[in-house]
Amino acid sequence: MKNMRRAFTLVELVIYLALAMVVALGLVYFLAAISESRMKATAISEVQSAEREVFSALKRLVSEASAINWSASSLEQNFGSLALINAVGQQQIISLDDEGYLVVTSNGEELKLINSLLIVKKIWFSRLDDRTVAVNFELSYKAGESTRQLEYTGAWQTALTLAN
């Protein structure tokens, strides 16, 4: 007697569906991990790029200044400010605004040094000598309005000296 089977049994179909679901679930987790890794790499790149931009702006401001007004500067840890006297005798103050953006205030006008995805969590200045200031700050990147937000913080420090 010939036993000819032309269709799958119910057990074989259930096993096939279970294996297909395991493979699909693994693929979803793999793609989610790749996406999160890409978001982290973007955040790190943005913070490092902003650190370079802020460093360049601070270096330019300090090197173009004729003096540091230490009495008008706040050397507090985390939320300090630095008062510079530029070449034409105007005072420029480098500080944090209420929203956490690094700003330069000159003649009542504020200029932001950072884009909207980055905020300065802490900034402080230290007096090394009359013409040299140590600058320390932490930048934070916060992306995403969705439920999954990525936050990355980078710390940076350097010493800047007046050019004159």
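Helices (H or I, at least four residues) and strands (E, at least two) are DSSP runs, numbered from the N terminus. The structure is a predicted model, in which local features need pLDDT of at least 70 and side-chain atom pairs count only at pLDDT 80 or more, while totals for chains, interfaces and linings use all residues. Residues are numbered from 1 along each chain as its sequence is written, and side-chain values use heavy atoms, with hydrogens and water left out.

**Overall architecture**

The protein chain contains 1 helix and 8 strands, arranged along the sequence as α-β-β-β-β-β-β-β-β. Of its 164 residues, 33% are buried; buried means under 20% relative accessible area, exposed over 50%, and partly exposed in between (1.4 Å probe, protein chains only). The accessible surface is about 10,900 Å², with 57% belonging to carbon and sulfur atoms. Such areas come from the Shrake-Rupley method with a 1.4 Å probe, and for residues only the protein chains shown count as cover. Among contacts (heavy atoms within 4.5 Å) between residues at least 6 apart in sequence, 43% join residues at least 24 apart.

**The open sheet**

Five strands form an open sheet in the order β1-β2-β3-β4-β5, with antiparallel pairing; two strands pair if DSSP finds at least two bridges between them. Strands β1 (67–68) and β5 (109–112) each have a single partner strand, so one side of each lacks a neighbour in the sheet. The antiparallel pairing of β3 with β4 extends over 5 bridges, and T105 in β4 is the bridge partner of I93.

The loop between β2 (82–85) and β3 (91–96) holds A87, which counts as exposed because its relative accessibility is 69%. Leaving aside neighbours within four places in sequence, A87 is in contact with E64 and S66. The C-alpha atoms of A87 and S66 are 5.4 Å apart, although 21 residues separate them along the chain.

A nonpolar core is a set of buried Ala, Val, Leu, Ile, Met, Phe, Trp, Tyr and Cys residues joined through side-chain atoms within 4.5 Å. The largest one has 31 residues, of which L58, L82, I94, L102 and F137 touch the most other members. At least two residues of this core come from each of α1, β2, β3, β4 (102–106), β6 (118–129), β7 (132–143) and β8 (150–161). Helix α1 gives the most, with 8 residues. Beyond four places in sequence, the contacts of L58 are I94, L113, V135, F137, W156 and L160.

F30 lies in helix α1 (residues 10–64).

**Salt bridges**

The whole structure has 4 salt bridges, each defined as a side-chain nitrogen of Lys or Arg within 4 Å of a carboxyl oxygen of Asp or Glu. The table lists examples.

| Salt bridge | N to O distance |
|---|---|
| R60 and E64 | 3.7 Å |
| K112 and E99 | 4.0 Å |
| D130 and R127 | 2.2 Å |

K112 is partly exposed at 45% relative accessible area, whereas E99 counts as exposed at 55%. R60 and E64 both lie in helix α1, 4 residues apart, about one turn of the helix. R60 is partly exposed at 40% relative accessibility, and E64 is partly exposed at 45%.
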